[in-house]
Amino acid sequence: MAKQIQAIRGMNDCLPDQTPAWQMLESVIRNTVASYGYSEIRMPVVESTDLFKRSIGEVTDIVEKEMYTFDDRNGDSLTLRPEGTASCVRAANQNGLLYNQEQRLWYMGPMFRHERPQKGRYRQFHQFGVEAFGLATADIDAEIIQLSARLWKQLGLAEHVRLEINSLGSNQARAVYRDALVAFLEANIEHLDEDSKRRMHTNPLRVLDTKNESLKVILQDAPRLSEYLDQESQEQFKLLCQLLDSAGIAYQINESLVRGLDYYNRTVFEWVTDSLGAQGTVCAGGRYDGLVEQLGGKATPGVGFALGMERLVLLLEHFELLENLPKPVDVYVIYSGEGTQTAAFALAEQIRDNLLSLRVMVHCGGGNFKKLFKKADRSGAKVALVIAEDELSKQQVTIKYLREEQAQQSIEMSSVSEYLETLFSK
Ligand code: ATP
Ligand code: MG
């Protein structure tokens, strides 16, 4: 036998028994963003490499070691998008969406990062994200957090995730803080690990993000960003906290939350869970007021978040919240004998015409009734409709219940849709 070709490591198929969970998640997301009046935007999965270098930052995990970058046939450097914000800003700039306008946008789709695959971390994964442009005050920050909180409620996950927030202040305030932090790190250089020594001069705030426990202890004495915040950022952060309080959304202020990407300022936040091991961040975002201009547009404030859909599906599985998803088939039609095939196909089409939401599968491929019933059962359908020659001559159908103890019944061919409508509306 020929050798089978395998999928790329870390890039998963979504198999038929998994797609109902994804469809449910996608539909909850669509309904939620719709209820806030957000519009969908769809961007290409490939962009020029410079877009990500210039936005995410050269000294970040993503740009340093995670991007799928390759040369196009004409020598241009292209990259499979590792995240959506940069593409969204590029698309909005390029298409004039930000010209004296506010935009509240959302997107959903695959992202690509060359990471070590493990539970909750893949090389192709999916994000849902929102981005709001042209709004400078923290009311919109609160709104997108509220939108995410509504998602957890809709999915039954509200109890299992918690919100952490912080303010990074203005770029100027952060620059002053950065100098103070670097001075502290230099004074403690003998305690730093290799990663931190490297980051100390390139991206020192990331040192605060360390997972190294002994370093965390040292960092407790580091200067605090909150003491360096500019007046305006302090006020906006206060407003954010007030709005979250009045919306009844609980949060913790985490001063070492700095986010891995360069473009953030002021509000940053993460929704985290303790149920996914090291891959505990399900949703992350913040404000990026400088990014639009940095990418060549007119200065426009922006704020957004992205959530990892695989991690959400894992959480839903973990808390057994995927038990009652619909099976793909409601009604399975079987037939045997002269003239019954045509009748079965016609009946199925008639039901599909009348009951748009019902999923009707007609048996194909022949076989005896024993085999047909086995297939009907395996389809997961609630009922089988049976047409044999006897039924056909009387213009009737036999309905058999596959999931419950209930006697089979004969119904008139012409009233099958009506019967099913009542049955499935229960
Ligand atoms: P992490 O710290 O887990 O690497 P990150 O800070 O790199 O996350 P972001 O760039 O903020 O992640 O992306 C937003 C969300 O996308 C994350 O919170 C996570 O839920 C999800 N995500 C990021 N990378 C992956 C991945 N490789 N596989 C699956 N989900 C991911
Ligand atoms: Mg990462």
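Reply: Start with the term strand. Strands (E) are DSSP runs of at least two residues, numbered from the N terminus. Note too that this is a predicted model.

Me: Which strand gives the most to the shell around ligand 1?

Reply: E10, with four residues. Strand E10 spans 281-287. Strand E6 (124-133) and strand E11 (302-308) also supply at least two residues each.

Me: Why is the pair between Arg113 and ligand 1 called a polar contact?

Reply: The cut-off is 3.5 Å between N or O atoms. A polar side-chain atom of Arg113 lies 2.7 Å from an oxygen atom of ligand 1. That is within 3.5 Å, so the pair is a polar contact.

Me: What about the backbone of Thr281 and of Gly308?

Reply: A polar backbone atom of Thr281 is 2.9 Å from an oxygen atom of ligand 1. For a polar backbone atom of Gly308, the distance to an oxygen atom of the ligand is 3.3 Å. Both values fall within 3.5 Å, so these pairs are polar contacts too.

Me: How much of ligand 1 does the protein bury?

Reply: Taken alone, ligand 1 exposes 590 Å². The protein buries 87% of that.

Me: How does the shell around ligand 1 divide by class?

Reply: Six residues are nonpolar, four polar and five charged. Arg and Glu count as charged, so Arg113 and Glu115 belong to the charged class.

Me: Now the second largest pocket. What is its volume?

Reply: About 830 Å³. Of the 31 residues that line this pocket, the closest to its centre are Leu15, Asp17, Gln18, Thr19 and Trp22. Helix H1 (19-35), E6 and helix H11 (309-318) each give two or more residues to the lining. H1 gives the most, with seven.

Me: What makes a residue part of that lining?

Reply: It must have an atom within 4 Å of a point of the pocket. By class, the lining has 14 nonpolar, eight polar and nine charged residues.

Me: How do you know that the second largest pocket draws on both domain 1 and domain 2?

Reply: Each of domain 1 (18-169 + 229-319) and domain 2 (331-425) gives at least three residues to its lining. The centres of domain 1 and domain 2, taken over C-alpha atoms, are 48 Å apart.

Note on methods
Residues are numbered from 1 along each chain as its sequence is written. Chains are lettered from A and ligands numbered from 1 in the order in which they are written. This is a predicted model: local features need pLDDT of at least 70, side-chain atom pairs count only at pLDDT 80 or more; totals for chains, interfaces and linings use all residues. Side-chain values use heavy atoms; hydrogens and water are left out. A residue is near a molecule or strand if one of its heavy atoms lies within 4 Å of it. A polar contact is a pair of N or O atoms within 3.5 Å; within protein, one must be able to donate a hydrogen and the other to accept it, and residues adjacent in sequence count only if both atoms are side-chain atoms. Accessible areas come from the Shrake-Rupley method with a 1.4 Å probe; for residues, only the protein chains shown count as cover. On a 1 Å grid over the protein atoms alone, a cavity is a set of points where a 1.4 Å probe fits but cannot get out, and a pocket is an open set with protein on both sides within 12 Å along at least five of seven lines; lining residues have an atom within 4 Å of a point. Grid points are joined across faces, edges and corners, and a volume is the space filled by probe spheres set on the points. Domain bounds come from an automatic or database domain assignment.
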